[in-house]
Amino acid sequence: MKQKIAEGFRLRDNKHPFLFENGQGQIIKIIIVSSQVVRVRYLTKEDTEVRVYNKQVNIVKQEQSVEFKTNLLKITVTVDPYFHIQWTSLISKVPFAEDLPYRSYCYNELGEKWHYQRRLKNTMYFGLGEHAGGLELSDRKFKLERLDGSGYDAETQDPMYKLCPFYIGLSTDTKAAYGVYYNTFTDSKIDFGVEKDAVWGSYSHFRSSHGPLDYYIIYGPSVPKIISYYSLITGRPKHLIPRYSLGYLASFTAEENHSQIKIENFIFQCDKYNIPCDGVHLSAGYTVDANGNRCVFNWNLARFPNPTQLARTMDKKGIKLFANVKPWLLQDIHPDYNTLKNTGGLIWDDEKGKPGDVYQWKKDDHSLGKVAYIDYSSTSGYNYWKSKVKTEIINKGFIPWLDSNEFPLANDSFSFACEVQPDAYSRLVTDKDESGGRFIYGPNIPKSRTSAHIVGTPLQTLLMIQATYDILIESRRTQRPFILSRSMTPYSNQLVSQSWSGSNITSWNTLKYNIPMGISANLGAVSANYGHNIGGFTGPKPDAELFTRWIQQAVFWPRFSIQSKNEDQSKTEPWMYPELIPTVRGSIHFRYKIVPYLYTLYVTHAYRNGEPLIRPIFYEFQDDIETYSLQYEFMLGTSLMVAPIYEPSASQRKVYLPSNSAWYHYQTGTYYETVKGQWIEVPSLLTDEACPFFVRAGSMMCFGKLLKNLSRFQEDNERRVQIFPDKYVKGKKVERKTFVMYEDDGQTMYHETGNAYAQVHIWMEAGEKEIRVGLDIIHDGYFPYYDTVWVTCPIDSEKRKVVFEGANVYDNEMVFIEGNRHDLHTYVGLKLHP
């Protein structure tokens with residue numbers, strides 16, 4: 001590796017952004033975005049740019065260093081005898097990040113650039129989105145690329161399906177956190193201490209293959225604050241998800257004749273076993289031609305003689321159908337290949353003057369064939385995709401499911417037309433200046449033909465998503481666009497509705513390591529509506545115990561889907577083990593009852609604030625450093641702690657309760673309160689509807705009516721709220737705790753265009769002898785199909801009287817649940833309207 005150290009920089013003048021130049025025509029630009037966010041761009045003469053804005057920043061210039069200050073940060077730039085940046089919190093007065101002296105920024109003639117940082121003592125690292133292995137990243141290295149890792153080892157695979165060059169450093173000394181986001185689409189690598197060289201001490205480094213070295217430093221000091229700023233940089237969801245996406249989504253490989261009949265029979269089986277279901281995925285088998293070749297957008301009429309009629313039949317039953325679409329055409333086989341070849345709609349091999357050769361799946365048996373990727377940056381390719389998605393997917397009543405869209409290229413000299421810009425994404429395209437975001441924009445996107453090595457394949461993924469989004473909006477203007485995409489990159493979270501961890505293999509180890517994988521994916525804003533294939537996608541079929549444990553924890557993940565391609569040709573289905581049907585049915589019923597809770601969490605956290613639903617425990621308990629090492633349990637929102645069972649033959653779960661917290665174990669109602677952190681053990685039966693979980697004292701959960709599927713929103717005429725009150729502490733002021741409940745029709749855009757939504761606040765005050773509960777309507781732009789919120793306290797040990805306040809209380813009407821604890825399980829209704 002030939003590497004040169006960038007040095008000899010001097011501050012040009014006191015204008016913002018601050019430009020440091022050297023004699024080689026290189027620039028390091030420091031941009032103060034806010035008091036907590038600073039952007040650094042290192043550019044060689046090949047990619048130099050100069051933009052000067054007038055922004056007042058405190059600056060102290062000395063002979064060997066320059067010091068900048070915001071309200072919260074001190075940025076010390078040493079220029080002699082080496083260039084080096086140190087970042088210090090003005091709160092703790094302690095440096096939290098620092099470049100590696102004498103080797104901060106490096107480059108070579110190939111366009112590669114390096115950023116070296118000193119590893120500060122007692123700093124832990126988290127992030128990078130979807131990755132294998134444990135949650136913490138120290139002493140590990142990663143390729144920041146994307147591959148189709150079918151059957152991956154969830155403990156060791158690298159890279160995975162998604163790109164997320166963002167991580168968080170969290171100090172066990174100061175308990176303060178900072179974030180780093182590398183703003184690039186080119187292939188990169190990051191090393192958190194695997195590489196060691198005694199000369200330089202302990203360090204980490206990032207390498208980009210081309211373009212400016214461009215990164216943001218985000219100071220928290222809290223992790224939620226970092227995530228909030230990161231989501232403002234790369235964007236938050238543009239629309240709400242449709243509610244049906246939180247239901248059970250099944251799958252069919254569609255690799256045999258009469259698949260249409262089998263799908264209809266599957267829904268019959270769901271009805272037979274009383275299993276709610278909201279959708280079915282159709283894998284690429286529906287596209288094979290007479291010779292077994294997969295030709296995207298071409299329906300196999302032997303397998304699906306009338307896809308339009310199938311979609312209509314399923315729609316009447318409330319079932320959505322998702323058709324798998326892939327971004328390539330088989331060369332000289334696909335009927336549209338020559339058309340796109342002749343119109344420049346394919347990724348191009350300039351050296352050979354033809355579409356670039358890539359090998360991908362050809363037939364159902366996973367044999368390889370020579371293909372060409374659609375070039376979504378070309379006008380021809382972009383418009384072709386929109387046209388075909390409309391005529392072959394949308395108009396037939398299906399929803400496009402974007403699969404295999406990682407765009408791996410063995411030859412990155414292939415070129416992109418770069419005629420179409422990813423301008424549907426906020427703060428990505430450079431010349432878009434929205435809401436004061438002139439300092440925030442994405443990687444440079446060329447506007448003329450450029451090699452994949454320079455542009456980066458994430459551009460193709462973003463434009464594939466954007467083209468799909470455009471045609472969904474054009475075709476169904478009042479309906480929420482639902483985009484399911486396997487691969488994701490920074491910014492794609494704005495348009496993608498749901499994603500998953502790809503083709504996981506069936507094993508206990510996968511169940512275990514899919515937990516930190518999903519936590520990290522959510523922490524990196526990959527998609528708040530994320531999950532895993534329940535039971536595993538490939539490999540052996542899950543045994544009864546593994547399948548049960550998988551479902552018991554899957555009920556809490558936003559995406560709940562069972563997809564499989566088992567090696568023995570069996571299908572993983574809810575009724576695959578007759579003896580398990582009551583348990584599996586109970587789990588799925590529980591899932592459907594908490595959909596209103598999940599939907600409310602999505603609106604309040606992901607849609608409005610750019611926060612994840614699935615969170616590491618330290619997200620909520622950063623003051624307790626023991627939580628930094630917890631990786632096989634997670635928070636769901638702010639109030640639920642979920643502890644999955646991930647080992648065979650386990651009937652107990654050891655759980656750490658963070659310091660200064662109070663919880664109710666949901667399954668038993670046992671109350672726990674800690675001053676210092678405490679390890680406890682709770683039971684977990686194979687017959688339980690869910691894995692062990694804990695509800696934070698002072699919080700609430702809402703439950704809906706069990707529906708056959710979530711499209712039947714007119715039948716959604718029931719809301720029950722369970723309260724989990726704080727214990728009374730003498731001398732401590734009683735605090736009002738509020739739960740936000742959000743309602744809309746779950747499928748249209750009217751919540752955006754006409755404020756057609758309802759926001760209801762349920763509150764409680766837990767005093768010494770009574771618990772006061774009330775209801776406030778904050779926004780009433782939508783009238784739910786229920787008119788009463790039924791409230792109860794389900795805790796055996798709770799003896800305080802529950803007092804319901806307000807004029808709209810059902811004083812004389814109570815509903816009793818079957819069982820022996822009638823006095824504890826009494827529901828009293830709060831009327832929404834008089």
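Visitor: In which helix is the place of Cys270?

Guide: This is a predicted model, in which local features need pLDDT of at least 70, side-chain atom pairs count only at pLDDT 80 or more, and totals for chains, interfaces and linings use all residues. Residues are numbered from 1 along each chain as its sequence is written, and side-chain values use heavy atoms, with hydrogens and water left out. Helices (H or I, at least four residues) and strands (E, at least two) are DSSP runs, numbered from the N terminus. On that basis, the place of Cys270 is in helix H2.

Visitor: Is Cys270 buried or exposed?

Guide: Buried means under 20% relative accessible area, exposed means over 50%, and partly exposed lies in between (1.4 Å probe, protein chains only). The relative accessibility of Cys270 is 2%, so this residue counts as buried.

Visitor: With which residues is Cys270 in contact, leaving aside its neighbours within four places in sequence?

Guide: Contact means heavy atoms within 4.5 Å. The C-alpha atoms of Cys270 and Lys708 are separated by 9.3 Å, although the two residues are 438 residues apart along the chain. Once neighbours within four places in sequence are set aside, the contacts of Cys270 are Ile275, Cys277 and Trp575.

Visitor: How many salt bridges does the count come to?

Guide: A salt bridge is a side-chain nitrogen of Lys or Arg within 4 Å of a carboxyl oxygen of Asp or Glu. By this rule, the count comes to 41 salt bridges.

Visitor: Which parts does the salt bridge between Asp214 and Arg41 tie together?

Guide: The side chains of Asp214 and Arg41 meet at 2.4 Å, N to O. Asp214 lies in strand S19 (residues 213-219) and Arg41 in strand S5 (residues 37-43), so the pair ties together parts that are 173 residues apart in sequence. Asp214 is buried at 3% relative accessibility, and Arg41 is buried at 1%. The parts tied together are strands S19 and S5.

Visitor: What is the relative accessible area of Arg615?

Guide: Arg615 and Glu620 form a salt bridge through their side chains (2.5 Å, N to O). Glu620 counts as partly exposed at 21% relative accessibility. Arg615 is buried, its relative accessible area being 1%.
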